[in-house]
Amino acid sequence: MEQFGAVKRSKDGQPVRYLIVDDSVFARKNLARMIESFGGLLAGEAGDGLTAITEYDRTKPDIVLMDITMPQMEGIEAAERIVQSHPDARIVMVSSVGYQENIVAALQRGARHFVQKPVKPEVLYEVIKYVLGEDAVVAAAAGAGA
Amino acid sequence: MKMELIQPFINSADAVLAQGLQCSTAIGSLSMEEEGYRRKGVAAMIALTGDIEGRIIFDLDPETAVRVASKMAGAELPDSDDLVRETACELANQIIGNAVTALNDQGFHFRVHPPTLHTAEEGIRSSEDTEALVMCFETPIGSVFMNIALRYNRRRQGERAATAAS
C-alpha cells in the first residue's frame, strides 16, 4: 500500500482514533488497513447503526467512517443520532451507493463528507485531512525526500 | 430486459473488479438464462426495490472465490475462511451500488438491500416479466458471474408516466 504521511491530532500529537462502521467484515478490515497506513488507531468497530451509536459513546473517536446500507439501522440515521448527541462528531459516509439524494441526505443529517466505494486510499486520506482541518497535523511520509 | 438497465452493471463490474483485483477484465459471455439458476460456488445476493425491482446474484466458483479474496486481502486465505464469503458479499455490494448510482442518474429510484450469502443450490426460474441475464467476466484469476433478474415496477412505471403526462 502507498506510503502516507501520518495524520496526528494537533492537540497532543497522538494518532487519530477511528470508529469503523460497516456490516461487511471485509470492508472493515480493508478500511482498518488504510487507516493504519495513515498512522491512525482503530478505536472501535460496529456492524450496524445501533451498535455504532453505543460504540461512539464508548470510544469517543476523532472520526467515524460509516457505511450507509446496513441491517437494523442504516448509516444515515445512525449519523444523525450521533450528531444529535455529539454535535462535534466528524462522520464520513463510505458507501457504494453514491447518488446525489443519498449524499445530500447524509450531509443534511450531520455527516461531514462522503466517499464512494470502492475506496481509493489516496481519496480517503485527503478527505480525512480535510475533515480534521486544523485539528490534525501531517508528518512527512516515511522515506519522503530520500 | 432493456440495455439501459444492463449497461451500468457491466460498467460497474468492470471498474470494481479492475480496481479490486488490479487487473483488466473482459466480458466472457452474456446470455439469457434458459434454465433455473444453479449456484456455481460462493454466491452473494442483493435485492433491489423501487422503480425497478428484483435481485442480482454475484457468483464465483470456490477456487476463484479464494483467489479473489486472497488478492483483495493481500494474504493467502484458506477456503474455509469466512472472509472469502465476506469478500463476495462486499464485491457484490460495490458493483451493484455503483450501478444503481448510475441508474439513479438516469431517473430510476431504488432501495438497495444489504447483501446476503446465497446458499441455495438453485434459484427461482425466470418468468415472463422477470428475465434473468447471466454475465461472465473473465479475469486473470478466474471467472466471475453475475445473474441479474430485474423488472420494471408496473405501479411505479404508471406513476412516472402519469407525472410526465401532467
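Mentor: A definition to start: two strands pair if DSSP finds at least two bridges between them. Strands (E, at least two residues) and helices (H or I, at least four) are DSSP runs, numbered from the N terminus. This is a predicted model: local features need pLDDT of at least 70, side-chain atom pairs count only at pLDDT 80 or more, and totals for chains, interfaces and linings use all residues. Residues are numbered from 1 along each chain as its sequence is written, with chains lettered from A and ligands numbered from 1 in the order in which they are written.

Trainee: Okay. What's the bridge partner of A:Met66 in β5(A)?
Mentor: A:Met93. Strands β4 (63-66) and β5 (91-95) of chain A pair in the parallel sense over 3 bridges.

Trainee: What's the strand order in the open sheet?
Mentor: In chain A, β3-β2-β4-β5-β6, with parallel pairing.

Trainee: And which strands stand at the edges?
Mentor: β3 (41-46) and β6 (113-116) of chain A. Each has a single partner strand, so one side of each is left without a neighbour in the sheet.

Trainee: New topic. At what angle do α1 of chain A and α3 of chain B pack?
Mentor: About 90°, with their axes 7 Å apart. Axes are lines fitted to C-alpha atoms, for helices over the stretch in contact, and angles run from 0 to 180 degrees between N-to-C directions.

Trainee: Which residues of α1(A) meet α3(B)?
Mentor: A:Val25, A:Phe26 and A:Ala27. Their partners include B:Leu83 and B:Glu86. Contact needs C-beta atoms, placed from the backbone, within 7 Å.

Key
Contact = placed C-beta atoms within 7 Å.
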